[in-house]
Amino acid sequence: MINGKLLVEKLIVYAKNFLHLNELDEIYVRNTIFMLFHISSPAENVPNLNYIKEMSVPDVLFNEIKDYAKENNIAEDDTQATLFASYIMGVLTQKPAEINQTFKYLKEKMGAQSACDYLYNLSVMNNYVQKTAISKNIGWEYADKDSVLEITINLSKPEKDNKDIAKLAKAPVNTSKYPMCPLCAENEGFFGSYTHPPRANLRTVSITLGGENWNMQYSPYAYFDEHCIVFNRKHVPMKMTRETINNLFDFVELFPNYFVGSNSDLPIVGGSILNHEHYQGGKHEMPMHKAKALTPLSCEKFPDVEICILNWYNSAIRLTGYNRNTICELGGDIVEAWKSYADESVGVINSKEERHNTCTPIARYLSDGKFCLEIILRNNVTSETFPDGVFHAHPEYHNIKKEGIGLIEAMGLYILPGRLKKQIEEIASIICKEQPYDGAKIKEDNPLYVHVPMIEKLIKNNPDITDLTKAREVVKDYVNKTCVSILENTAVFKKDEMGTLAFKRFLNTLEIR
């Protein structure tokens, strides 16, 4: 049984050390937790709690809150207990106004990274950023010619279906739902429910982009270092315009320590949330950021902008220079020109009735003082052969990755579904003959059903493998090469002669040669 009175004292010590609990607020917060814990008086003879000062994550205390809630009928099940524990962590955390005041002070006096460190560390220590869960994700690098891809199996992210995402984007706005979506400003401090994750311990900071009010927060299940989400305070859908480019550079000027990018505004080639305008960024150097120039170009209208087609898997353009305004103007020209462009000779189909073209732009501030804008050209057209998208992962790769290839993966950091952790082990054991295999007996309800063609190919190509470790390497190599192929699938202009000429034809419409 959890000693509730002692737990309250532990939480107070924790909050004073990690959540900036002011001494003047200590009695108030303790009494608030007494009420929530159904306790009427403090603990007597409190032992030495100095060990709490050494904690790096709040997991132990968070789990004690959950156990206490279930033992004392405050929560009926684990979901309710998690909501309650998150609420307690929110009570221990400073209010948004105080957070914003401290963030602004640190940014002005010590720089953007110091302010970001403050908010990120707070988000970890109040259990909003799930650091322990993130650490369980599996990750490795794959060196492929001139590029190095980062591949992760994300054990905390549910797999989503592109068709469901598209339906959500087109669904009528439900104005009675509160908060309207997981990105709305109204999430801050929201208790949550069985259908809405806990947000009582969420804290955001207010910023201004394009003269409008936006907020920044950290992702609870980060995919990379200091993975942040930047969202419009208004619940408005994703869009891809000149304004998008300017907003990204407004952010970069506020936070030169981070990159920031926008998912596109169409299903299949966009992110998982299209009904609320948002960007993603962070401290990480993405694989695409390390890509070299494939074809240097120039534009007479913008002589101060360095332009190139990137040596990258998909169709990407990089603009760099010291003048933000000219990069924004040219970047806006590319975005708008691509939205209405078509070239059926290479399968780039577009129409006035239904737009299929959009972009994924990413902005950075480089160490040499230059601004950088990378624009990935996207198209979400479908066909009978490729009903999930012509420039999407092709059907033979869906056993590994079927979801849309959004901003992060388009830059070379793969987020593969958690199911693969177990499935890779099972497939490896089949290949090395530790487990018997009969493809005809694997039915649709078997998780390995989607992998049957892959399994049979690997068995055929590796008949002599009997070592499990070697078999794992074979399966992982197949996954690596599949990730490369998927990125190549997303290229609207392929890396052959026809694709290269088509890419240049598009750029020529902008007098980029």
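Visitor: Which residues have the most contacts inside the largest nonpolar core?
Guide: This is a predicted model, and its largest nonpolar core has 99 residues. Helix 6 (residues 112–125) gives the most to this core, namely nine residues. The residues with the most contacts inside the core are Phe 37, Met 216, Phe 251, Ile 334, Leu 377 and Phe 493.

Visitor: Why are the buried residues of helix 13 on the same side?
Guide: The buried residues of helix 13 (residues 452–461) are Val 452, Met 454, Ile 455 and Leu 458. They lie on the same side of helix 13 because the arc they cover around the axis is only 160 degrees.

Visitor: Which exposed residues does the face turned away from the buried side of helix 13 carry?
Guide: What covers the buried residues of helix 13 includes helix 12 (419–431) and helix 14 (468–489). The face turned away from that buried side carries the exposed residues Pro 453 and Lys 460.

Visitor: With which side chain does the side chain of Glu 277 make a polar contact?
Guide: Glu 277 sits in the loop between strand 6 (259–261) and strand 7 (278–282). Although Glu 277 is buried, it has no salt bridge, and the nearest side chain of opposite charge, Lys 239, is 4.4 Å away, whereas a salt bridge requires the charged atoms to be within 4 Å. The polar contact of the Glu 277 side chain, at 3.0 Å, is with the side chain of Asn 232.

Note on methods
Residues are numbered from 1 along each chain as its sequence is written. This is a predicted model: local features need pLDDT of at least 70, side-chain atom pairs count only at pLDDT 80 or more; totals for chains, interfaces and linings use all residues. Side-chain values use heavy atoms; hydrogens and water are left out. Buried means under 20% relative accessible area, exposed over 50%, partly exposed in between (1.4 Å probe, protein chains only). Helices (H or I, at least four residues) and strands (E, at least two) are DSSP runs, numbered from the N terminus. The arc is that of the directions from the helix axis to the C-beta atoms. Contact means heavy atoms within 4.5 Å. A nonpolar core is a set of buried Ala, Val, Leu, Ile, Met, Phe, Trp, Tyr and Cys residues joined through side-chain atoms within 4.5 Å. Lys and Arg count as positive and Asp and Glu as negative; His and the chain ends are not counted. A polar contact is a pair of N or O atoms within 3.5 Å; within protein, one must be able to donate a hydrogen and the other to accept it, and residues adjacent in sequence count only if both atoms are side-chain atoms.
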